[in-house]
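This report looks at side-chain packing and pairing in one protein model. Please keep the sequence and the structure open while reading.

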Amino acid sequence: MSDKTIIFLLMIIILALFLIVLYQRFVFNRGIQAKIKQINNKLEEISETDSDEKVMVFTDNPVLMKLGGQINRLLIERQKIRADFKREEISSKKMLANISHDIKTPLTVILGYLEIMRLNNSDDEMVKKVETKAKQVMNLINQFFTLAKLESGDTNINLCKININEVCRENVLEFYDILLQKEFEVDLYIPETSIFVQGDKDALQRILYNLLSNVIRYGIDGKYLGVFLRQDKNSVYIDVVDKGKGIEQEFISNVFDRLYTMEDSRNREIQGNGLGLTIAKNLAKSLGGDIFLSSIPNVKTTFTVKLKKINY
């Protein structure tokens, strides 16, 4: 065999070995990328579902095994932080509920004495003003108490089959005199056929009371109230509509926050929703529903209550 032949064969062998190394490198890198992609997909799933799962890495690669271990340690730490935060949150809400309850007792006594003073001095305007302000404080404390109990899970919600037609009619009737006095135009659409929802009557009454009160207080410029009951296959919707000042798009996401207020720079009037809308939304969620808001200022503002429909 000539030298040229030997050199040619050696070059072929070297080239073959080089190609084998390149292929193994390609397969190795591809395998690593597949494992990293698998880890990434699992982390996205854990993040989106907010689950307590861990990342499982089936590999002989020591670097990937170490990476998986570090990720799982972080996930365990995250789980502990979330559990501690939840405990603290529940504890804070229960404490707020207890404080609200404790404040109500002496305030009730104060209101009693103010009422006696007003009865004995019927012409004393100062006493009347103090009593009015004390009642406002009591109302705010009652709302704090209700919200704190809702958020701490300490409210008894008895879910049962409710005729929502009747609940809507009753609540609008409660406001009839004040709507008439304030010269509101009222549109009411409640079907004759009964519609049933999963609900608690007291909770539904409170939701509608808060929404209707909100219209009278903040939608008075439009002098309009609309209440429309509609349904689809699985849900029932109550639209409470007004044509008042409304809410700018940028503030809509804040409306259901606790004690949210928005100041109107033109007349310096505080357009606050207090706790009423926050309570209404929490109650709706406790019934398996929700409340949504859409608003075109000075044209139309709609609060929509979504409830679970009962089809039997």
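The sections below cover the basis of the model, its nonpolar cores, its salt bridges and its aromatic rings.

## Basis

This is a predicted model, in which local features need pLDDT of at least 70, side-chain atom pairs count only at pLDDT 80 or more, and totals for chains, interfaces and linings use all residues. Residues are numbered from 1 along each chain as its sequence is written, and side-chain values use heavy atoms, with hydrogens and water left out.

## Nonpolar cores

A nonpolar core is a set of buried Ala, Val, Leu, Ile, Met, Phe, Trp, Tyr and Cys residues joined through side-chain atoms within 4.5 Å. Buried means under 20% relative accessible area, exposed over 50%, and partly exposed in between (1.4 Å probe, protein chains only). The largest core has 43 residues. Ile164, Ile207 and Ile238 have the most contacts inside it. At least two core residues come from each of α3 (125-151), α4 (164-174), α6 (201-218), β4 (224-231), β5 (235-242), α7 (276-286), β8 (290-296) and β9 (300-308). Helices (H or I, at least four residues) and strands (E, at least two) are DSSP runs, numbered from the N terminus. Helix α6 gives the most to this core, eight residues.

What does isoleucine 238 contact, leaving aside its neighbours within four places in sequence? Its partners are Ile164, Cys168, Leu208, Val227, Phe228, Leu229, Phe303, Thr304, Val305 and Leu307. Contact here means heavy atoms within 4.5 Å. A second, separate core has six residues, including Leu107, Leu114, Ala134 and Ile141.

## Salt bridges

A salt bridge is a side-chain nitrogen of Lys or Arg within 4 Å of a carboxyl oxygen of Asp or Glu. The structure holds eight. One of them joins glutamate 125 and lysine 128, at 3.7 Å from N to O. Both residues lie in helix α3, three residues apart, about one turn of the helix. Glutamate 125 is partly exposed at 45% relative accessible area. Lysine 128 is also partly exposed, at 30%.

Aspartate 239 and arginine 230 meet at 2.6 Å, N to O, in another salt bridge. Aspartate 239 is buried at 9%, whereas arginine 230 is partly exposed at 39%. Lysine 281 bridges to aspartate 290, with the closest N and O atoms 2.7 Å apart. Both lysine 281 and aspartate 290 are buried. Salt bridges with shared partners also link Arg118, Glu131 and Lys135 into one network.

## Aromatic rings

Rings of Phe, Tyr and Trp (its six-membered ring) pair if their centres lie within 6.5 Å; planes under 30 degrees apart count as stacked, over 60 as edge-to-face and the rest as tilted. There are two aromatic pairs. Phenylalanine 175 and tyrosine 209 form a tilted one, 5.4 Å centre to centre with 40° between the planes. Phenylalanine 175 lies in the loop between α4 and α5 (176-181) and tyrosine 209 in helix α6, so this pair ties together parts 34 residues apart in sequence. Phenylalanine 175 is buried at 9%; tyrosine 209 is partly exposed at 40%.

Phenylalanine 256 and phenylalanine 303 pair edge-to-face, 6.1 Å centre to centre and 90° between the planes. Phenylalanine 256 sits in the loop between β5 and β6 (260-264) and phenylalanine 303 in strand β9, so parts 47 residues apart in sequence are tied together. Phenylalanine 256 is buried at 14%, and phenylalanine 303 is buried at 1%.

## Charges over rings

A charge sits over a ring if NZ of Lys or CZ of Arg is within 6 Å of the ring centre and within 35 degrees of the ring normal. The charged end of lysine 281 sits over the ring of phenylalanine 256, 4.6 Å from its centre. Lysine 161 lies over the face of phenylalanine 196, at 4.5 Å from the ring centre.
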